[in-house]
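Please look over the sequence and the structure first, and then read on.

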Amino acid sequence: MHNVDHSVVNKSADTQYPVHDLISKRWSPLAFSERLVEQEKLLSVLEAARWAASSYNEQPWSYIVATRDNQAEFDLLLSCLAEGNQPWAKNAPVLMLSVAKLNFERNGVENRHALHDVGAASAQLAIQATSLGLFIHQMAGFNVPRAKEVYNIPQVYEPVAAIALGYLGNPETLTEKYLERERSPRNRKSLESFVFSGKWNQTSPLIIS
């Protein structure tokens with residue numbers, strides 16, 4: 001059986017205004033189940049990334065993927081993660097690394113929107129994962145030079161984020177430090193603090209009307 005007690009780990013967002021359930025239910029767990037992710041579901045989340053919008057439709061994203069049913073590949077990607085992420089990420093059945101192409105294919109000029117576009121692709125990946133009962137945890141904490149070296153990533157490409165993907169696991173399997181993070185409430189800045197009109201740092205009347 002693959003049943004998980006979702007009541008233990010339910011962290012749906014307490015939003016100011018209504019949003020789609022897939023957005024409110026998306027969060028970044030530390031506790032992953034050992035259950036493998038079905039190939040068709042993994043391909044579906046990657047397909048969602050494929051259809052993200054990008055500047056000049058350059059699609060500057062690549063994803064390096066490692067699954068736990070190929071332990072050598074999995075361990076290689078795991079070894080690129082920061083020491084603080086390895087203890088929990090090693091339990092996820094899928095690890096990925098998003099990579100951005102920094103120059104436009106069309107003319108070789110620097111693409112200053114490349115990182116933005118890779119982030120947009122990964123956001124779509126996350127929402128698609130949520131729709132399939134999966135969760136992702138994106139990480140800034142990984143060794144960029146090592147990732148470039150072990151995967152022979154060309155100079156004009158930049159690793160962006162590491163990603164753990166899988167089904168929710170039992171948070172009680174986490175150490176106390178990680179368990180505290182897992183159970184901490186989600187919070188976000190208010191719309192008033194970042195939606196402006198007229199000039200910088202002037203809250204939009206849309207929010208305060």
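## Terms and basis

A residue is called buried under 20% relative accessible area, exposed over 50%, and partly exposed in between, using a 1.4 Å probe and protein chains only. The model is predicted, so local features need pLDDT of at least 70 and side-chain atom pairs count only at pLDDT 80 or more, while totals for chains, interfaces and linings use all residues. Residues are numbered from 1 along each chain as its sequence is written, and side-chain values use heavy atoms, with hydrogens and water left out.

## Helix 3

Helices (H or I, at least four residues) and strands (E, at least two) are DSSP runs, numbered from the N terminus. In helix 3, which spans residues 71-78, the buried residues are F74, L77 and L78. Viewed down the helix axis, these buried residues fall within an arc of 105°, so they line one face of helix 3; the arc is that of the directions from the helix axis to the C-beta atoms.

## Salt bridges

A salt bridge is a side-chain nitrogen of Lys or Arg within 4 Å of a carboxyl oxygen of Asp or Glu, and by this rule the count comes to 5. One of them joins E47 and R50, whose closest N and O atoms are 2.8 Å apart. E47 and R50 are 3 residues apart in helix 2 (residues 39-50), about one helical turn; E47 is partly exposed at 35% relative accessible area, and R50 is partly exposed at 45%.

Another salt bridge links K101 with E105 at 2.2 Å between the closest N and O atoms, where K101 is buried at 16% and E105 is exposed at 58%.
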